[in-house]
Each structure stands twice: as C-alpha cells, then as structure tokens.
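Q: I have a model open and want to learn how to read it. Can you take me through it feature by feature?

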Amino acid sequence: METEVTNPYRSTADKAAIGLSLLCAVHCLALPLFLSLFPALVAIGFQDERFHLLMLMSVVPMSLFALTLGCRQHRSFYVLGTGALGILFLIASIALGHDLLGESGETVMTLIGATLVSVSHVLNFKLCRSVEACADERC
C-alpha cells in the first residue's frame with residue numbers, strides 16, 4: 001500500500017482555521033458587551049462589515065487548503081462537506097447581513113458557520129493524525 005506524503009502546512013492551517021473560527025464566535029458574542037461597556041471601541045471599527053469580510057477572506061482559503069489536503073489523506077469527505085457548509089453559513093451571514101436577517105439572525109448564522117468550520121478542522125486534524133499513526137505502524 002502506497003502512503004501519500006503529508007503536507008506539513010496542513011496541520012498548521014487546521015489550527016489557524018480553528019483559531020480564526022473561534023475569533024469569529026468571540027467577536028459575535030462579546031462585541032456587543034464590550035461596546036456597551038466601552039463605547040470608545042466604536043472608533044476602532046470592529047463592528048464594521050470590513051472586519052467580517054477580512055475574517056472571511058482569511059478563513060475560506062485556509063479552510064479549503066487544509067480540508068482538501070486532509071481529505072486526500074484520510075478520504076473522509078463528510079469532513080470537507082461539514083467545512084463547506086460552515087463556510088456557506090459564514091458567506092450567507094455576510095451576504096444577507098442585518099437587512100434581511102437582523103442582528104440576531106446574522107449572529108446566529110455566523111455562530112453556526114464558525115462552529116461547523118471549527119468542528120470540521122478538529123475532525124480533519126484528528127483523522128489525519130490517525131492516518132499518519134497507522135502508516136507509521138503499517139496497519
């Protein structure tokens with residue numbers, strides 16, 4: 001049986017995508033509290049849509065990179081599907097925004113998307129590690 005060479009950046013990309021997804025979730029949950037406690041934070045622009053776009057432009061390529069490399073290795077395509085669904089939720093929350101979803105709806109969609117992306121990367125990381133361990137032991 002031929003084993004595929006693993007990409008050392010996949011693990012790092014998984015970890016970074018998990019961190020960025022968690023940052024999205026913390027941003028959605030904590031920002032209203034911080035803005036009510038520290039109104040001067042409005043000047044920084046964290047509530048601006050540009051922040052959401054920046055996060056999305058960071059998460060999408062990193063997720064696609066890590067998940068496609070991982071799926072090549074472990075062949076569990078539901079992980080890629082879960083990540084893609086999470087990315088779709090994140091894109092939809094930005095595309096539909098406050099106008100159609102309202103503040104709560106946008107937050108809920110973002111949290112669902114960030115959770116799905118994080119879960120897919122945790123699964124991807126674990127499955128790739130188990131495939132690597134199995135290859136080392138010649139399972």
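A: Start with the overall fold. This is a predicted model. The chain has three helices and zero strands.

Q: In what order do the elements run from the N terminus?
A: They run α-α-α. Helix H2 covers 49-74, and helix H3 covers residues 77-137. Helix H1 covers residues 8-37.

Q: How much of the chain counts as buried?
A: Burial is judged by relative accessible area, with under 20% as the cut-off. Here 36% of the 139 residues count as buried. The exposed surface comes to about 8,300 Å². Carbon and sulfur atoms supply 70% of that area.

Q: What share of the contacts joins residues at least 24 apart?
A: Take the contacts between residues at least 6 apart in sequence. Of these, 78% join residues at least 24 apart.

Q: Which residues form a nonpolar patch on the surface?
A: The patch consists of Leu33, Phe34, Leu37 and Phe38. Together they have about 410 Å² of accessible area. Take Leu33, which sits in helix H1.

Q: How many salt bridges does the structure hold?
A: First the general idea. Side chains of opposite charge can pair when their charged atoms come close. This structure holds one salt bridge. It joins the side chains of Asp14 and Arg10, at 2.7 Å from N to O.

Q: Where do Asp14 and Arg10 lie?
A: Both are in helix H1, four residues apart, about one turn of the helix. An α-helix has 3.6 residues a turn, so residues three or four places apart point the same way.

Q: Are Asp14 and Arg10 buried or exposed?
A: Asp14 is buried, and Arg10 is buried too.

Q: Where is Ser76 placed?
A: Ser76 is in the loop between helix H2 and H3. Ser76 counts as buried because its relative accessibility is 16%, and the cut-off is 20%.

Q: Which residues is Ser76 in contact with, leaving aside neighbours within four places in sequence?
A: Ser76 is in contact with Cys71 and Leu127. Ser76 and Cys128 are 52 residues apart along the chain, and their C-alpha atoms are separated by 9.9 Å.

Q: Which residues does Ser120 touch, not counting those up to four places away in sequence?
A: Ser120 is in helix H3. Ser120 touches Leu67, Val79, Thr82 and Gly83. Ser120 is buried, with a relative accessible area of 0%.

Q: How far apart are Ala84 and Leu67 in space?
A: They are 9.2 Å apart, C-alpha to C-alpha, and 17 residues apart in sequence. Ala84 lies in helix H3. Ala84 is partly exposed, because its relative accessible area is 36%.

Key
Residues numbered from 1 in each chain as written. Predicted model: local features only at pLDDT ≥ 70, side-chain atom pairs only at ≥ 80, totals over all residues. Heavy atoms only, no water. Helix = DSSP H or I, 4+ residues; strand = E, 2+ residues; numbered from the N terminus. Buried < 20%, exposed > 50% of the residue type's maximum accessible area, 1.4 Å probe, protein only. Contact = heavy atoms within 4.5 Å. Areas by Shrake-Rupley, 256 points an atom, 1.4 Å probe, with all protein chains shown as cover. Expected span 1.5 Å × (residues − 1). Patch = residues over 30% accessible without salt bridge, like charges linked within 9 Å, V, L, I, M, F, W, Y side chains within 5 Å. Salt bridge = Lys/Arg side-chain N within 4 Å of Asp/Glu carboxyl O.
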